[in-house]
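Here are my notes for your first read-through. Keep the structure open beside them and check each point as you go.

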Amino acid sequence: MTRYAVIGWPLGHSMSPAIHNASFEALGLSCRMEAVAVPPAGLDAFMRSLPSSGLCGVAVTIPHKAAVLTYCASVEPGAGKIGAANTLAVGEGGNLGAHNTDAAAAARALREAGVEVAGRRAVVLGAGGAARAICYRLLRDGAAHVAIANRTLSRAEALGRDLGRVCGAAGRVAAVPGSGAALEEALASAGILVNATSVGMSPRAGESPVPRALLRAGLAVMDIVYNPIETRLLADARRAGAAAIPGTEMFLYQAAEQERIWLGVEAPVEVMRKALLSGLGRSL
Ligand code: NAP
């Protein structure tokens, strides 16, 4: 049996074991993922014991995505530039490799929805870890401009400066407040809006990070919150005639990419989607 784990704190009811185990079963692989709650004070001990633990890979969630990097012998360039990893692979001799599949997953979710990134202007709400991966990828994929809109403006400014340097994109990224006239102006010229804040997440599912009046046809709206699947933002986007891409898509694709890294397989996304939707309380 090849073993994998998802680590985080608090781990809550992680969907990762359900979707990976459904995939392993569909692929006929003798693999299993378990959930391991690792508090910040326990991360050092977990990471030091990982090479000899028998685990072949780890999915990493909040709050460990940045801290795990220091334990890894190799860091894939994207994860290094983002400064965070959500995927660890235990290689030969217990050497740890760090990868970030969030960025590629966000790009795939947009691509599969028919959204062209190159040459378009985007607004990303949030300046946390997920926003960082998504903004990095949008800039790398040739977005004409990325406006980072955040409640705490100083965090958006710091992220914008950092990504401008890391991506050589200083003129293509800017920070704006998370509400008000500057956000309105940024949205008026944007083709893509991504919510990478936790606003709208259960149990505060009735909230949206953007007034409905700012949404319009021609805008592609991706909400990376996936519980609930249909967030208030997505419902508002649909009503306004905008394209709406649920956070389940990014979540599925980041997991599929993890299996490509761990096992070299093409993960059965539809099987994983069914497991995710049923885990989230809906069935296909
Ligand atoms: P994080 O690092 O903690 O960042 C949270 C962000 O949300 C910050 O920008 C924060 O703004 C903002 N925020 C929180 N509460 C807010 C409020 N009431 N009003 C306005 N802004 C608020 O978290 P993260 O790792 O980036 O994750 C963000 C969300 O994405 C979470 O809901 C997570 O579950 C989801 N996520 C989904 C996927 C997926 O695959 N679909 C992957 C990763 C993450 P301040 O800076 O002002 O505090």
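This is a predicted model: local features need pLDDT of at least 70, side-chain atom pairs count only at pLDDT 80 or more; totals for chains, interfaces and linings use all residues.

1. In what order do its six strands lie? The order is β9-β8-β7-β10-β11-β12. The sheet is open, and its strands pair in parallel. In general, strands of a sheet pair through backbone hydrogen bonds, either parallel or antiparallel.

2. Which strands stand at the edges? They are β9 (173–177) and β12 (243–245). Each has a single partner strand, so one side of each has no neighbour in the sheet. From one strand to the next, the twist averages 20°.

3. Look next at β7 and β10. Strand β7 covers residues 121–125, and strand β10 covers residues 192–195. The two run parallel and are joined by four bridges.

4. Helix α5 (residues 129–140) touches β7, β8 (145–150), β9 and β10. Its direction makes about 170° with that of β7. Helix α7 (residues 181–188) also packs on the sheet, touching β7, β8, β9 and β10. For α7, the angle with the direction of β7 is about 140°.

5. Before the helix pairs, a word on how to describe them. Two packed helices are described by the angle between their axes and the distance between the axes.

6. The pair α1 and α10. Helix α1 spans residues 16–27 and helix α10 spans residues 269–279. They pack at about 140°, and their axes are 8 Å apart.

7. By class, the contact of α1 with α10 has eight nonpolar residues, two polar and no charged.

8. Is M272 buried or exposed? Its relative accessible area is 0%, so M272 is buried. Beyond neighbours within four places in sequence, M272 contacts I19, H20, S23, L252, A255, A256, E259 and A267. Take L252: M272 is 20 residues from L252 in sequence, and their C-alpha atoms are 6.9 Å apart.

9. The pair α4 and α9. Helix α4 (residues 102–112) packs with helix α9 (residues 247–263) at about 125°. Their axes are 8 Å apart. That angle makes α4 oblique to α9. The crossing of α4 and α9 is right-handed.

10. The contact residues of that pair. In α4, they are D102, A105, A106, R108, A109 and E112. In α9, they are E249, M250, Y253, Q254 and A256. The contact of α4 with α9 divides into six nonpolar residues, one polar and four charged.

11. Last, a loop residue. T231 is in the loop between β11 (220–223) and α8 (232–239). Its relative accessibility is 1%, so T231 counts as buried. Which residues does T231 contact, leaving aside its neighbours within four places in sequence? They are G200, D223 and V225.

Note on methods: Residues are numbered from 1 along each chain as its sequence is written. Side-chain values use heavy atoms; hydrogens and water are left out. Axes are lines fitted to C-alpha atoms, for helices over the stretch in contact, and angles run from 0 to 180 degrees between N-to-C directions. Ala, Val, Leu, Ile, Met, Phe, Trp, Tyr, Cys and Pro count as nonpolar, Asp, Glu, Lys and Arg as charged, and the others, Gly among them, as polar. Two strands pair if DSSP finds at least two bridges between them. Contact means heavy atoms within 4.5 Å. Buried means under 20% relative accessible area, exposed over 50%, partly exposed in between (1.4 Å probe, protein chains only). Angles under 35 degrees count as roughly parallel, over 145 as roughly antiparallel, 65 to 115 as roughly perpendicular and the rest as oblique. A crossing is left-handed if the near helix is turned anticlockwise from the far one by less than a right angle, and right-handed if clockwise.
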